[in-house]
Each structure stands twice: as C-alpha cells, then as structure tokens.
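Trainee: I am new to this structure. Please pick one part of it and take me through it closely.

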Amino acid sequence: MRRTTLTSLYSSLAVAGACCALAAPAQAAKPAKPAVAVTQALAILLQDHVARTAPDQSAHVIESVAGTTPLTKVRTTLPVIGTRKNKDGNRWVHVRLPGRPTGHTGWILADQTITSSTEWHVAIELAARQVVVYRDGVAVRTFPAVVGKPSTPTPRGQFFVEESESISVNAAGGPFALALSARSGVFQEFEGGPGQIAIHGTDHLSDPLGSAASHGCVRVSPAAITWMSKRIGGGVPVTVSS
C-alpha cells in the first residue's frame with residue numbers, strides 16, 4: 001500500500017475544506033409534527049356542573065353534567081378545549097361533553113374543578129381497522145380491531161373516554177371496556193344502555209380482528225384491551241377517523 005505523505009494529506013484537507021466552504025450550508029431538518037397533540041388539558045369535576053352554550057351565567061343551558069360517571073362512580077373527567085376569564089372574575093372552561101348529540105361541547109364554571117392533563121391519545125382508524133395509542137404525541141402501540149359494520153357504523157369525530165370498567169368473565173366483550181363519550185347514530189338504546197360506543201375486548205365474540213362486523217363498538221384482543229385499561233382512563237381523547 002502506498003504511504004500518503006504529510007504534505008499530500010494537508011493538501012487534501014485544504015481542498016476538502018475549500019469545497020465545504022463553497023457548498024451551501026446544510027439546512028437542519030425540521031422535526032416532524034406529531035399526529036396528535038402531545039398533551040390534553042383536563043377538568044376533573046368535584047360536583048355536578050351546568051354546561052352552557054357560552055361562558056356566561058345567562059347563556060342557554062345545554063345540560064347538567066354529573067360529577068361522577070354512571071357506571072363506576074369515579075369523578076367525571078372532561079377534555080378542555082378552551083378557557084375564559086370574565087370581567088366579573090369567573091373562570092370558565094370549554095369542555096367536551098358526554099352523551100347526545102355525540103361530540104357536543106359546552107362551557108362550565110372552573111370553580112369546583114381540578115385542572116389536570118394526560119399524555120395519552122387514542123386514534124381509531126376505520127379504513128385500516130386498527131387502534132393506535134399515542135403517548136406524548138408518539139405512537140406506542142397499534143392494535144388490529146373490529147369496527148362497526150356499514151349498517152351500524154362506528155361514529156367519526158372527536159370523543160373521549162368516560163370511564164374504564166372490567167367485564168365479567170362470562171360476558172361477551174371482556175375482559176375490559178373503555179366507555180366513550182360517542183353514541184351510536186343508529187341505536188338510541190342498545191341492550192338497556194344509551195347506545196354508547198366503547199372500545200372493548202373480544203371474549204365470547206367470534207368476528208375476526210380486522211373486520212367490520214360490530215354494532216358500532218370497537219373490539220380489540222383481550223391482551224390489547226388489558227394493556228389499554230391499565231393506562232387509559234377518564235378524559236383521554238379519542239379520535240375516530242375514516
């Protein structure tokens with residue numbers, strides 16, 4: 001092998017340096033924008049609240065929001081999408097609301113609420129028939145899913161988890177369910193409930209993952225829903241897209 005002299009080495013470095021000096025400076029790559037928000041602000045209710053159409057005590061009343069959830073009786077937790085402080089000193093929060101019309105929102109007084117946040121976000125992709133779980137804006141798990149069949153579709157939109165509950169080993173859809181704020185556009189009532197949409201397991205259900213076969217709920221494997229139920233709680237946002 002031919003030995004390179006110090007002179008030729010220095011000469012090569014000088015030429016390389018000149019080329020670098022003439023070249024356009026490299027542009028730093030911009031970080032990719034997260035597919036979902038990194039965090040979501042939450043309001044935990046300490047009592048029942050009245051939701052209104054605007055941040056004003058004289059605004060039209062939409063509904064009363066219970067301070068606890070209907071099934072597990074834990075404190076109701078709502079995603080916050082805006083805030084306002086009025087001249088009278090009252091602070092208001094604009095929140096997503098459970099129930100019908102599905103995906104609706106309202107304003108509640110911030111008094112008797114606790115401010116919190118979550119780093120979790122669940123995305124249901126209907127065409128791909130999968131559930132993607134994000135943490136801090138990064139996808140950490142993707143699970144194949146059963147979604148609503150064409151006659152009873154899974155509703156699209158921005159929703160949230162109302163509560164998480166365990167399901168009896170003898171019941172269909174176990175072992176856990178995440179009850180969502182979404183409601184069926186077909187069923188006003190289903191098996192004694194309000195037509196509520198949930199993400200739940202596949203215990204005692206035979207439709208294969210990756211199919212469109214449910215009445216609107218989203219089914220994932222028992223292992224997947226068990227993993228989710230340990231991490232995903234009330235207030236976690238859920239986006240359902242085509």
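Mentor: Start with tryptophan 120, which counts as buried because its relative accessibility is 10%; buried means under 20% relative accessible area, exposed over 50%, and partly exposed in between, with a 1.4 Å probe and protein chains only. The model is a predicted one, in which local features need pLDDT of at least 70 and side-chain atom pairs count only at pLDDT 80 or more, while totals for chains, interfaces and linings use all residues. Residues are numbered from 1 along each chain as its sequence is written, and side-chain values use heavy atoms, without hydrogens and water.

Tryptophan 227 is also buried, at a relative accessible area of 15%. Rings of Phe, Tyr and Trp (its six-membered ring) pair if their centres lie within 6.5 Å; planes under 30 degrees apart are stacked, over 60 edge-to-face, and the rest tilted. Because tryptophan 120 belongs to strand S8 and tryptophan 227 to helix H2, the pair ties together parts 107 residues apart in sequence. Helices (H or I, at least four residues) and strands (E, at least two) are DSSP runs, numbered from the N terminus. Ring pairs join Trp120, Phe143 and Trp227 into a cluster.

Now the helix itself. H2 covers residues 222-229, and its buried residues are Ala224, Ile225, Trp227, Met228 and Ser229. They pack against several strands, including S8 (120-125), S9 (130-135) and S10 (138-144). Isoleucine 199, leaving aside neighbours within four places in sequence, is in contact with residues including Ile225, Met228, Val122 and Ile124, where contact means heavy atoms within 4.5 Å.

A nonpolar core is a set of buried Ala, Val, Leu, Ile, Met, Phe, Trp, Tyr and Cys residues joined through side-chain atoms within 4.5 Å. The largest such core has 26 residues, of which Val122, Ile124, Val131, Ile199, Met228 and Ile232 touch the most other members. At least two residues of this core come from each of S8, S9, S12, S13, S14, H2 and strand S17 (237-241). H2 gives the largest share, four residues. Another core, of 12 residues, lies apart from this one, with Ala43, Val65, Leu97 and Ala110 among its members.

As for the whole, the protein has two helices and 17 strands, and buried residues make up 40% of its 242 residues.
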